[in-house]
Amino acid sequence: MSLKQIVEDNSKSIEAADLEAKSATEILTIAIKKYHPRLALSASFGAPEGMVLLDLMHAIEPEARVFLLDTGRLHSATHDLVDRVRDRYGKAVEVVFPRAAEVEHMVREQGMNLFYSSVESRKHCCRIRKIEPLRRYLTELDAYVSGLRRDQNLNRHATAKVELDVGNGGLVKFNPLADWTHDRVMDYVGEHRVPINSLHAEGYPSVGCEPCSRAVQPGEDSRAGRWWWENDAVKECGLHLSEEQDGGLGI
Ligand code: SF4
């Protein structure tokens with residue numbers, strides 16, 4: 001399937017390159033028109049980008065779907081945000097959990113906090129708690145929306161606004177905020193009073209699993225709080241790119 005076919009809309013087709021010039025709302029309108037309800041927003045509820053996208057998608061289609069991977073190790077502030085979203089938008093967030101038997105086996109063999117012992121153990125935990133549930137959930141979809149931005153880190157500088165997610169079965173992946181800056185995201189949050197994770201106000205640029213994320217100091221890289229005991233070269237969890245590439249979803 002070509003990227004031209006991806007965004008084909010009955011009577012007319014839009015080249016993927018054309019989408020680069022379109023706004024986030026225009027891209028989401030195209031995505032929802034073509035793929036809803038086999039389209040969902042992937043939101044960590046631990047980054048303001050996902051909440052901006054949720055707000056934009058809700059304005060276009062109130063039934064637009066959103067899902068959260070609940071690893072079983074999330075902060076309670078993240079769960080609070082799920083319920084605040086439910087109250088504000090009337091949105092039934094689709095919460096996806098890892099397979100209980102796989103988690104039970106992992107912690108029996110390697111302990112509750114295996115991720116601190118080695119990079120391999122940490123990646124194993126991410127595979128069981130994040131990657132398997134994500135791939136299982138994505139089999140229900142034809143396309144999904146992510147909050148990746150190009151200036152988040154070097155791995156993301158080439159992020160296109162629409163692409164094929166080869167690592168996750170060739171789904172269509174929309175990145176409507178690819179060209180947004182952090183300041184633009186936060187301006188939108190303020191102007192539209194979008195609910196965000198309360199831990200951002202305590203120094204967490206992004207909020208992941210409780211044992212694996214911490215607040216950062218002013219001036220520190222925004223990813224410094226993730227897996228802080230590892231060096232920067234290995235800090236990805238394998239959700240956005242293939243596991244082999246050590247790519248990351250930022251969840
Ligand atoms: S971020 Fe930490 S606790 Fe969460 S899945 Fe990965 S290793 Fe496990």
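Phe45 is buried, as 28 other C-beta atoms lie within 10 Å. Phe45 sits in the loop between β1 and α4, and its phi is positive, about 55 degrees, although Phe45 is not a glycine. The model is predicted. The protein has 8 helices and 6 strands. Of its 251 residues, 38% are buried.

**Overall layout**

- Along the sequence, the elements follow the pattern α-α-α-β-α-β-α-β-α-α-β-β-β-α.
- Asp18 belongs to helix α2, residues 16-19.
- Asp18 has 14 C-beta neighbours inside 10 Å, so it counts as partly exposed.
- Asp18 and Lys161 are 143 residues apart in sequence, but their C-alpha atoms are 9.7 Å apart in space.

**Ligand surroundings**

- The ligand is surrounded by 13 residues.
- The closest are Phe115, Cys125, Cys126, Cys209 and Cys212.
- By class, this shell holds 7 nonpolar, 2 polar and 4 charged residues.

- Strand β1 covers residues 39-42, and both of its faces are covered.
- Leu39 and Leu41 are buried on one side, Ala40 and Ser42 on the other.
- β1 runs parallel to strand β4, residues 143-145, with 3 bridges joining them.

- β6 pairs with β4 in the parallel sense over 3 bridges.
- Tyr144 stands opposite Lys173 in that pairing.
- Val162 has Phe174 as its bridge partner in β6.
- β5 and β6 form a hairpin with 5 residues between the strands.
- In that hairpin, Gly169 takes a positive phi near 85 degrees.

**Helix α3**

- Helix α3 spans residues 24-35.
- At 1.5 Å a residue, its 12 residues should span 16 Å, and the end C-alpha atoms are 16 Å apart, which agrees.
- Its buried residues are Ala24, Ile27, Leu28, Ala31 and Ile32.
- These cover an arc of only 130 degrees around the axis, so they lie on the same side of α3.
- An α-helix has 3.6 residues a turn, so residues three or four places apart point the same way.

**Helix α5**

- Helix α5 spans residues 76-89.
- Its 14 residues should span 20 Å at 1.5 Å a residue, and its end C-alpha atoms are 20 Å apart, which agrees.
- Thr78, Leu81 and Val85 are buried in α5.
- Their arc around the axis is only 45 degrees, which puts them on the same side of α5.
- The face turned away from that buried side carries the exposed residues Ser76, Asp83, Arg86 and Asp87.

**Backbone exceptions**

- Most residues other than glycine have a negative phi, and most peptide bonds are trans.
- The bond between His36 and Pro37 is a cis peptide bond, with omega about 10 degrees.
- Pro37 lies in the loop between α3 and β1.
- Arg193 is not a glycine, yet has a positive phi of about 50 degrees.
- Arg193 lies in the segment after α8, residues 182-192.
- Is Arg193 buried or exposed? Arg193 is exposed, because 8 other C-beta atoms lie within 10 Å and the cut-off for exposed is 12 or fewer.
- Phe45 also has a positive phi, but Phe45 is buried: it has 28 other C-beta atoms within 10 Å, and the cut-off for buried is 20 or more.

Technical notes
Residues are numbered from 1 along each chain as its sequence is written. This is a predicted model: local features need pLDDT of at least 70, side-chain atom pairs count only at pLDDT 80 or more; totals for chains, interfaces and linings use all residues. A residue is near a molecule or strand if its C-beta atom, placed from the backbone, lies within 6 Å of it. Ala, Val, Leu, Ile, Met, Phe, Trp, Tyr, Cys and Pro count as nonpolar, Asp, Glu, Lys and Arg as charged, and the others, Gly among them, as polar. Helices (H or I, at least four residues) and strands (E, at least two) are DSSP runs, numbered from the N terminus. Two strands pair if DSSP finds at least two bridges between them. The expected span of a helix is 1.5 Å times one less than its number of residues. The arc is that of the directions from the helix axis to the C-beta atoms.
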